[in-house]
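Please read the following note beside the sequence and the model. The points are numbered so that each can be checked in turn.

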Amino acid sequence: GNGPSGICLSYLLSGYTPYFKRHSLHPHPILQRKLEEAPEVSVLDQDLEYLSEGLEGRSHSPVALLFDTLQRPDTDFGGTAESVLTWWHEPDRAIPHLVLGRNAPGGAWHSIEGSMVTLSKGEWMGLPDLPFKEWLKQKRRGLRNNRATAEDIAQYYQHYVMKKGLQKNFMCGTVVTSVRKVSAESISNHTQRDLQGDSDSLWNSNEKSAEVFQVDGFFKTEEGDKEPFSVYAENVVLATGTYDNPTWLGVKGENLSYVHHQLSALEEAVKNNSVGIMSDPVLIVGAGLTAADAILFAHHCNIPVIHVFRRRVTDPGLIFNQLPKMMYPEYHKVHQMMKEQTAACAGPYECYISLPEHHVLSFGKDKKCIFQDKNGCQKAYKISMALVLTGSNPNLSFLPNNGTDLAIDSDQPVNSKRNPIDVDPFTYECTQEKGLYALGPLAGDNFVRFVQGGALAVASSLLKKANKNPP
């Protein structure tokens with residue numbers, strides 16, 4: 001994967017090494033004291049567990065909190081203190097690596113509608129040693145309400161790869177179809193083995209000799225052909241994010257052509273004039289930020305909306321109840337509409353009805369949709385199209401058993417919020433499979449500012465394995 005996690009890891013594996021900047025002051029006194037103990041030793045070579053002990057913040061990962069607070073010391077308190085890190089390029093410590101990705105560097109940020117404003121503050125989207133704000137300044141643009149658009153971020157990630165000279169490690173336009181463990185011996189003998197058929201041992205882990213990973217896939221050439229490739233590696237890092245497979249409701253009629261699972265379908269429909277002010281309402285299912293973005297987009301285009309979601313409007317688990325109003329005025333507006341515009345009482349906003357504590361029972365061929373409320377009472381509405389925006393799951397079809405064996409609960413599919421891959425918190429190596437690492441949403445880190453600590457942990461672990469740590 002070549003999103004923010006993959007880019008950040010590539011930077012750290014290319015010999016860019018963070019040190020504590022002498023004479024800088026961190027607002028956390030205990031951390032400051034620890035950093036002063038060995039300023040000549042790079043953070044990558046220090047004991048990450050010791051450094052991160054006692055840190056608190058908006059992530060469950062100690063290393064994520066550590067790397068975040070070293071780069072943005074008091075950002076959660078509205079402060080703008082400078083990073084306490086200084087970066088040195090030590091090329092002799094670089095570890096050869098390849099970053100495989102379907103699209104240009106930046107991952108899923110390239111497939112999000114360009115004008116969407118991000119949930120996080122702009123400076124939280126930045127990668128090490130190239131502040132996002134400075135990059136925007138060069139483009140002579142300010143941040144709207146401290147937040148950036150998806151298009152800005154996608155461009156920034158591409159610029160970062162070029163500016164830091166990482167592009168030689170990136171292979172874009174690649175699709176990985178399989179990652180399997182094989183014995184190193186079988187490769188050196190050039191014997192072709194049918195790994196697919198070896199289903200008794202999914203990971204071929206009963207081999208006695210040294211093992212490596214075989215990574216198979218194909219390039220998409222400019223002519224549209226698929227050229228196969230095979231790469232062998234001692235270590236593989238999974239950083240493929242979570243946007244590949246939208247979640248389905250699993251109800252009757254969900255596969256009909258007017259039912260969609262991506263926000264882009266609404267943008268397309270507006271472009272083609274297939275929905276507009278006069279059309280039947282668009283149904284939006286879900287109560288997360290993607291559903292909110294769809295409502296804002298429809299509202300902006302004067303398209304009528306019926307909004308269905310399972311939770312109560314006051315549910316503390318609802319994302320809107322966790323966002324500060326000042327920073328997120330547009331999401332606050334959606335939340336207000338959800339509260340005031342229920343079918344029971346018409347509110348001030350035309351063209352929008354909310355149905356809290358309802359769920360979809362079925363989609364009909366005649367575009368009639370049946371809902372049920374918590375009391376079992378059913379309602380039918382005629383709609384023009386439906387957008388089911390209830391989250392997404394990663395696509396790990398290239399791993400044995402879809403990667404389920406690697407998850408915390410190995411009976412359930414991997415899910416970034418409910419069932420991430422089980423990793424060691426200080427190396428991010430999979431507990432079930434040595435040499436395999438997982439980063440970002442796959443390991444439960446869902447914000448760009450917090451995926452970078454995972455990259456620090458992986459780089460630190462790989463440097464120890466490669467013996468590239470200074471004495």
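1. Is Y243 buried or exposed? Y243 is exposed, because its relative accessible area is 56%; buried means under 20% relative accessible area, exposed over 50%, and partly exposed in between (1.4 Å probe, protein chains only). Y243 belongs to the loop between β10 (236–238) and β11 (245–246). Leaving aside neighbours within four places in sequence, Y243 is in contact with A108 and S392, where contact means heavy atoms within 4.5 Å. The C-alpha atoms of Y243 and G391 are separated by 8.4 Å, although these residues are 148 residues apart along the chain.

2. Residues are numbered from 1 along each chain as its sequence is written, and side-chain values use heavy atoms, with hydrogens and water left out. Helices (H or I, at least four residues) and strands (E, at least two) are DSSP runs, numbered from the N terminus.

3. The protein chain averages a pLDDT of 85, and 86% of the residues score at least 70; pLDDT is the predictor's confidence in each residue, from 0 to 100. Over residues 190–209, however, pLDDT stays under 50. Where pLDDT is low, the predicted coordinates should not be read in detail.

4. An open sheet is formed by five strands in the order β12-β19-β13-β14-β15, with parallel pairing. Its edge strands, β12 (259–260) and β15 (352–355), each pair on one side only. Two strands pair if DSSP finds at least two bridges between them. Strand β13 (residues 282–285) and strand β19 (residues 385–388) are joined in the parallel sense over four bridges, and V285 stands opposite V388 in β19.

5. Antiparallel pairing is found elsewhere in the chain. Strand β16 (residues 358–363) pairs with strand β17 (residues 368–373) in this sense over five bridges, and F371 in β17 is the bridge partner of V360. Four residues lie between the strands of this hairpin, where K367 takes a positive phi near 65°. β17 also pairs in the antiparallel sense with strand β18 (residues 378–382), over five bridges. In the hairpin of β17 and β18, G376 takes a positive phi near 90°.

6. How many salt bridges are counted? The count comes to 13 salt bridges, a salt bridge being a side-chain nitrogen of Lys or Arg within 4 Å of a carboxyl oxygen of Asp or Glu. One of them joins K271 and E268 (3.9 Å, N to O). These two residues are separated by about one helical turn, because they are three residues apart in helix α8 (residues 264–271). K271 counts as exposed at 64% relative accessibility, whereas E268 is partly exposed at 41%.

7. K465 forms a salt bridge with E429, with the closest N and O atoms 3.1 Å apart. This pair links distant parts of the chain: K465 is in helix α11 (residues 448–465), and E429, 36 residues apart from it, is in the loop between β20 (392–393) and β21 (436–438). E429 counts as buried at 11% relative accessibility, while K465 is partly exposed at 41%.

8. Finally, D45, E90 and R93 are linked in a network of salt bridges. R93 is found in the loop between β2 (85–89) and β3 (99–101), and is buried, with a relative accessible area of 7%.

Definitions and conventions: Predicted model: local features only at pLDDT ≥ 70, side-chain atom pairs only at ≥ 80, totals over all residues.
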